[in-house]
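Visitor: Hi, I'm new to this one. Can you put it up and walk me through it?
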Amino acid sequence: MKISKPAYMVLLVVGLVFVFLGLSNIGISIFWDFSDLENLLVGSLLIIIGLITLRIRYTFKKRG
């Protein structure tokens with residue numbers, strides 16, 4: 001089954017949004033409230049979700 005070009009763009013945008021949210025969450029946690037381990041874990045989880053989404057997009061695009 002071939003995926004359309006807008007679907008690739010949606011996966012790209014979703015992946016990048018999750019990565020950006022994770023990085024900003026970790027940045028806030030480090031620079032404003034370093035003692036909050038929960039923000040670091042949530043930021044790491046968001047980055048992992050974003051990277052998985054980008055990897056899925058790459059795999060689908062490679063199969064083409």
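Visitor: Where does the model come from?
Guide: It is a predicted model: local features need pLDDT of at least 70, side-chain atom pairs count only at pLDDT 80 or more, and totals for chains, interfaces and linings use all residues. Residues are numbered from 1 along each chain as its sequence is written, and side-chain values use heavy atoms, with hydrogens and water left out.
Visitor: OK. How many helices and strands are there?
Guide: Two helices and zero strands. Both are DSSP runs numbered from the N terminus: helices are H or I with at least four residues, strands are E with at least two.
Visitor: And what are the spans along the principal axes?
Guide: The C-alpha trace of the protein chain spans about 50 × 15 × 10 Å. Its radius of gyration is 15 Å, whereas a compact globule of 64 residues would have one near 11 Å. That radius is taken over C-alpha atoms, and the globule rule is 2.2 Å times the number of residues to the power 0.38.
Visitor: How do helix 1 and helix 2 cross?
Guide: Helix 1 covers residues 5-31 and helix 2 covers residues 37-63. Their axes come within 7 Å and cross at roughly 160°. That makes helix 1 roughly antiparallel to helix 2. The axes are lines fitted to C-alpha atoms over the stretch in contact, with angles from 0 to 180 degrees between N-to-C directions. Angles over 145 degrees count as roughly antiparallel, under 35 as roughly parallel, 65 to 115 as roughly perpendicular, and the rest as oblique.
Visitor: Left-handed or right-handed crossing?
Guide: Left-handed. The near helix is then turned anticlockwise from the far one by less than a right angle; clockwise would be right-handed.
Visitor: New topic. What share of the residues is buried?
Guide: Buried residues make up 20% of the 64. Buried means under 20% relative accessible area, exposed over 50%, partly exposed in between, with a 1.4 Å probe and protein chains only.
Visitor: Is threonine 53 buried or exposed?
Guide: Buried, with a relative accessible area of 13%. Threonine 53 is in helix 2.
Visitor: What is threonine 53 in contact with?
Guide: Leu11, Val14 and Gly15, leaving aside neighbours within four places in sequence. Contact means heavy atoms within 4.5 Å.
Visitor: Which helix holds valine 14?
Guide: Helix 1. Valine 14 is partly exposed, at 33% relative accessible area. Its C-alpha is 26 Å from that of tryptophan 32, 18 residues apart in sequence.
Visitor: What about tyrosine 58 and tyrosine 8?
Guide: They are 50 residues apart along the chain, yet their C-alpha atoms are separated by 8.8 Å. Tyrosine 58 lies in helix 2 and is partly exposed, at 45%.
Visitor: Back to contacts. What share joins residues at least 24 apart?
Guide: 70%, among contacts between residues at least 6 apart in sequence.
Visitor: Last one. Is serine 29 buried or exposed?
Guide: Buried, at 1% relative accessibility. Serine 29 sits in helix 1.
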